[in-house]
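Colleague: Can you walk me through this one? I have a few questions on local details.

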Amino acid sequence: MAQIGRRLASNLKKINNWNGLPQNTRSIREASTVVAGEPEGPTVKTDIPGPKSKQLIDELSTIQQSGAVQLFADYERSLGNYLVDVDGNVLLDVYTQISSMPLGYNHPELLQLLNNPTNVKTIVNRPALGVFPGSDWPNKLKNVLLQVAPPGLNQVTTMMCGSCSNENAYKNIFIWYQRNQRGVTNEFSKEEIDSCMLNQSPGSPPLSIMSFHGAFHGRTLGVLSTTHSKYIHKMDIPAFDWPIASFPQYKYPLEENKRENEAEDKRCLAEVEDLFSQFKKRNKPVAGVVVEPIQSEGGDNEASPYFFQELQKITKKNGAALLIDEVQTGGGPTGKMWCHEHFNLDEAPDVVTFSKKMQLGGYFHKPEFKPQQPYRVFNTWMGDPAKLVLLQGVLDVVRRDSLLDLVQTTGKKLMQGLRNFEQEFPHLLHAARGRGTFLAVSCPSTKLRDDLVARLKKKGVQTGGCGELSIRLRPALIFTPKHADIFLDRFQQVLKETK
């Protein structure tokens, strides 16, 4: 580690002043977050996928659909910010398993957790948490998840993944809405009990969830009706007739297009208001609105704090719940634990879903969204205590190493680099955007975007696309300005070589 620290200190002398901190302070902070033994940079030995990956893809194809597989990884050798594949290629990973690796690969603090026999038994004895939780479960929820809960939310329900978190959060919203409709008495009528067993009203009421064009909230059956990012997710699958509003489509740079973007906010908000009215008249009242702080799969589309503030007011005025889906944005990549904290909302959202960097799925919510009867939101596992062990380790490192500060510092360097490239290569890149290291930049065409992503991989950089035109960055929280320099250098090489 000392040797790595000396190398980093030397390299940092070449880096522009990126934080206003004294040079030695920056060196110490950056060195402290680097995983010992991490490669100095990417190395590419074969095509990607290489021969071993191709052989394994062929093998997997005999068992299941494997067309989405890009490569097979060697997780024994992957370390820190670097993903190593089975052919020995070492890639700087700016994608991190679709934004799911908060501390990169094989972080020593997380490996150390398996030296604790109690943690091993937590993995082995995976309980049905809804009926047989361990004695430490309440304290785990209080001391881990609720310690990082969005301000104003003190209830949490754990789940397995992002999709099932949103699915069950919708159920909580419907239950809450119907309880409000019944008033003080919350007894179910015989007609409701009988009709719900036949999928009929009034027991199965014609309620709806409003979502936005370009949104992604999961691929399971219910949330798929609120996902609108790619047709391949939805084709041939029955869907609910629920309202879909326009999400703001901004002009960039933001500071040069304030008037146009303010008008776009107001247009989209007026559409939300109108859809509430339309669906009420159609007897499909909107019980809740679901929205991402940054539309991730749909193209890293962002909206202003004003948009979210007004959306919350409109939703509340219409007696509906506001669900903010932080599955991709939660856990620190925007420089705050929760992206919606950037928006200065009047009050907490009613529900906030999480997964990915949080290691397990679930949702925080206000007390009134807790069902009054058992089994209304229930499944066998209801999350995974072993993942909470990992999350506790992650959060300890985030706090100790001030990783949210590092995210902001590295993010500024990445964003400045992307904006410089916009100026240098205006025919190739535009609309650099995002918060922290949760960033994206757009290309004039899908073909060019895919070509740049593919050639970045040949240069040893693993990144990914989103929407039709965008390249997205999703590095680990331990991604330092040194790693940003490597990424920007390789990206510039690719751009210069583009005809």
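Colleague: Is Lys 356 buried, partly exposed or exposed?

Modeller: Bear in mind that this is a predicted model. Lys 356 is partly exposed, with a relative accessible area of 21%. The cut-off for buried is under 20%, so Lys 356 counts as partly exposed.

Colleague: Where is Lys 356 in the fold?

Modeller: Lys 356 sits in the loop between strand 10 and strand 11, the latter being residues 361-365.

Colleague: And what is Lys 356 in contact with, leaving aside neighbours within four places in sequence?

Modeller: Lys 356 is in contact with Ile 98, Ser 99, Ser 100, Val 327 and Gln 328. Its side chain also reaches the backbone oxygen of Ile 98, at 3.1 Å.

Colleague: How many Å apart in space are Lys 356 and Thr 226?

Modeller: C-alpha to C-alpha, Lys 356 and Thr 226 are 19 Å apart, and in sequence they are 130 residues apart.

Colleague: Switching to Arg 433. Which strand is it in?

Modeller: Arg 433 lies in strand 12, which covers residues 430-435.

Colleague: Buried or exposed, and what is the nearest side chain of opposite charge?

Modeller: Arg 433 is buried and has no salt bridge. The nearest side chain of opposite charge is that of Glu 302, 5.6 Å away.

Colleague: Which other residues does Arg 433 touch, beyond four places in sequence?

Modeller: Among them are Tyr 252, Gly 299, Met 415, Phe 438 and Leu 439.

Colleague: Now the backbone. Where are the cis peptide bonds you want to point out?

Modeller: One joins Ile 48 and Pro 49, with omega at about 5°. Pro 49 is in the loop between helix 2 (23-33) and helix 3 (51-61). Another joins Ser 201 and Pro 202, with omega at about 10°. Pro 202 is found in the loop between helix 9 (190-196) and strand 4 (208-212).

Colleague: What is the phi of Asn 199?

Modeller: Phi of Asn 199 is near 60°, a positive value in a residue other than glycine. Asn 199 is in the loop between helix 9 and strand 4, and it is exposed, with a relative accessible area of 65%.

Colleague: And Asn 344, which loop is that in?

Modeller: Asn 344 lies between strand 9 (321-325) and strand 10 (351-354). Its phi is positive as well, about 50°, although it is not a glycine. Asn 344 is exposed, with a relative accessible area of 59%.

Colleague: Which helix gives the most to the lining?

Modeller: Helix 8, with seven residues. Helix 8 (162-182) and helix 9 each supply at least two residues of the lining.

How values were computed
Residues are numbered from 1 along each chain as its sequence is written. This is a predicted model: local features need pLDDT of at least 70, side-chain atom pairs count only at pLDDT 80 or more; totals for chains, interfaces and linings use all residues. Side-chain values use heavy atoms; hydrogens and water are left out. Helices (H or I, at least four residues) and strands (E, at least two) are DSSP runs, numbered from the N terminus. Buried means under 20% relative accessible area, exposed over 50%, partly exposed in between (1.4 Å probe, protein chains only). Lys and Arg count as positive and Asp and Glu as negative; His and the chain ends are not counted. A salt bridge is a side-chain nitrogen of Lys or Arg within 4 Å of a carboxyl oxygen of Asp or Glu. Contact means heavy atoms within 4.5 Å. A polar contact is a pair of N or O atoms within 3.5 Å; within protein, one must be able to donate a hydrogen and the other to accept it, and residues adjacent in sequence count only if both atoms are side-chain atoms.
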